[in-house]
Amino acid sequence: MSSLNVSIVTPDGPVYEGNANMVIARTKAGELGILHGHVPLVAPLNIDIVRIKLEDSEEWVAVNGGFMEVNGEEVNILADTAEREQDIDINRAEKAKERAEQELQLAKDQKVDELMAELALRRAINRIQAKNHR
Ligand code: ATP
């Protein structure tokens, strides 16, 4: 199968550089499966998993927002934060999830920053999913 050149970059530096047969990402407009020769596009990404499919394996990367650019054989993702599954600290994500759930409850009771707590919760759940998908 023709391969794609995939890069995932954050303000802290590169997170993933490599070839893939297919990239599956959920954009704000829905899930996209990118193969070699996909029409060029730029799409905003959610807090979600980007799946990088190779011949007989698949890697999950927890991506937090940003954009995906597809151009010929290039798939470039520029995200606020991104972690490969092997780099995710599951205890940290579980603690962040608990904290965000408590903050969300507090926010609902006291009408403080509910959106911030919701986003923190989504980041934590996304990391836990990327880490635990096998
Ligand atoms: P926390 O409350 O645990 O800091 P957060 O969602 O507020 O979580 P971010 O601000 O999104 O964290 O990320 C800050 C930095 O820490 C980024 O470089 C991100 O990749 C990294 N990071 C966050 N959570 C984890 C995790 N569970 N495992 C590995 N790296 C993480």
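Predicted model: local features only at pLDDT ≥ 70, side-chain atom pairs only at ≥ 80, totals over all residues.
In what follows, Ala, Val, Leu, Ile, Met, Phe, Trp, Tyr, Cys and Pro count as nonpolar, Asp, Glu, Lys and Arg as charged, and the others, Gly among them, as polar.

Begin by selecting Glu83, Arg92, Ala93, Ala96 and Arg127, which, among the 14 residues that line the largest pocket, lie nearest its centre. The volume of this pocket is about 320 Å³. By class, its lining has six nonpolar and eight charged residues, with no polar ones.

Next, colour helix 1 (90-110) and helix 2 (114-132), the elements that give two or more residues to the lining of the largest pocket. Of the elements, helix 1 gives the most to that lining, with six residues.

Now turn the view until both helices can be followed along their length. Helix 1 and helix 2 pack at an angle of about 155°, and their axes are 8 Å apart. Because angles over 145 degrees count as roughly antiparallel, helix 1 is roughly antiparallel to helix 2. The crossing in which helix 1 passes helix 2 is left-handed.

Finally, show the side chains where the two helices meet: on helix 1 the contact includes Ile90, Ala93, Ala96, Ala100, Leu104 and Ala107, while on helix 2 Ala117, Leu121, Ala124, Arg127 and Ile128 are among the residues that take part. The residues of this contact divide into 12 nonpolar, one polar and nine charged.

Methods: Residues numbered from 1 in each chain as written. Heavy atoms only, no water. 1 Å grid on protein atoms, 1.4 Å probe; cavity = no way out; pocket = protein on both sides within 12 Å on 5 of 7 lines; lining within 4 Å. Points joined across faces, edges and corners; volume = space filled by probe spheres on them. Helix = DSSP H or I, 4+ residues; strand = E, 2+ residues; numbered from the N terminus. Axes fitted to C-alpha atoms, helices over the stretch in contact; angles between N-to-C directions. Parallel < 35°, antiparallel > 145°, perpendicular 65-115°, else oblique. Left-handed = near helix turned anticlockwise from the far one by under 90°. Contact = heavy atoms within 4.5 Å.
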